[in-house]
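The tour begins at the ligand and then moves to the sheets.

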Amino acid sequence: MKKGSLLILSGFSGVGKGTVAKQLVERYGYSLSVSATTRKPREGEVDGKDYFFKSVDEFKNLIDYNGFIEYARYVENYYGTPRKFVEDELKLGHNVILEIEVQGAFRIREQYPDALLVFITAPSAKEIKNRLLGRGTETEEVIQKRLNRALEESADMDQYDYIIVNDDLDQCVDDVNSVVVAQGCLKDNNLDLIQETIEGLKVL
Ligand code: 5GP
């Protein structure tokens, strides 16, 4: 069976990548990895659905047991991708989404060279700032840190395979799915199929 594609979605805070990921699940059947974090839940967030919320000790334990494919510190909290879910889903041939920040994305690329790195952005820098401020769930200090982090992240955008603007949500979701489909059709990702075809035609 063909292995699934690993799609890394990164993007500035508030740019809507979480919504894009959820739409990819609903509309196109992607499997979404749920990360572990030491951040406190925001209002409405559900343990096991939005994140697995962990204490710092629990998180460190998981690191020791090789439970994460990658983990990173982001604005004073730890975030990590549980290993088992991703490995199992890819083996089943499912396309898997990781919604993670840039350090994590680059670590994934080292381990999964075929992973597709997609950076979701807003139509303009002004819009990025507005969306960061608009969320209204964070303190001034955290917002400032996120703005600083966004500036740092912008320097890494050119390391991604695709940059996709989230202006119209439906369009953005379709665009992301299109690059995943295209990736799956790449010659290099179909070498087995090519070989089978050649062998199969020889015996016809
Ligand atoms: P938030 O606190 O807003 O939910 O997430 C903060 C940042 O952490 C976001 O950029 C999000 O994509 C990233 N993030 C969430 N889960 C993970 C993870 O498992 N690993 C890494 N490296 N980053 C993550």
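Select the side chain of Arg42 together with the ligand: one of its N or O atoms is 3.0 Å from an oxygen atom of the ligand, a polar contact being a pair of N or O atoms within 3.5 Å, where pairs within protein also need one atom able to donate a hydrogen and the other to accept it, and residues adjacent in sequence count only through side-chain atoms on both sides. This is a predicted model, in which local features need pLDDT of at least 70 and side-chain atom pairs count only at pLDDT 80 or more, while totals for chains, interfaces and linings use all residues. Residues are numbered from 1 along each chain as its sequence is written, and side-chain values use heavy atoms, with hydrogens and water left out.

Next, show the backbone of Gly80, where an N or O atom lies 3.0 Å from an oxygen atom of the ligand, and then the side chain of Arg146, which places a polar atom 3.2 Å from a ligand oxygen. Of the 520 Å² of accessible area that the ligand has on its own, the protein covers 96% (Shrake-Rupley method, 1.4 Å probe).

Now select the shell of 16 residues around the ligand, in which Ser35, Arg39, Tyr51, Tyr79 and Glu101 come nearest (near: a heavy atom within 4 Å). The shell divides into five nonpolar, four polar and seven charged residues, with Tyr counted as nonpolar and Gly as polar.

Colour the strands next (DSSP runs of E, at least two residues, numbered from the N terminus). An open sheet of four strands has the order β4-β3-β6-β5 and mixed pairing, two strands being paired if DSSP finds at least two bridges between them. Its edge strands are β4 (52-53) and β5, each pairing on one side only. Strand β3 (residues 36-37) runs parallel to β4 and is joined to it by two bridges; pick Thr37 to find Phe53 of β4 opposite.

Finally, move to the open sheet of five strands, ordered β2-β7-β1-β8-β9 with parallel pairing. Here β2 (31-32) and β9 (162-165) stand at the edges with a single partner strand each, so one side of each has no neighbour in the sheet.
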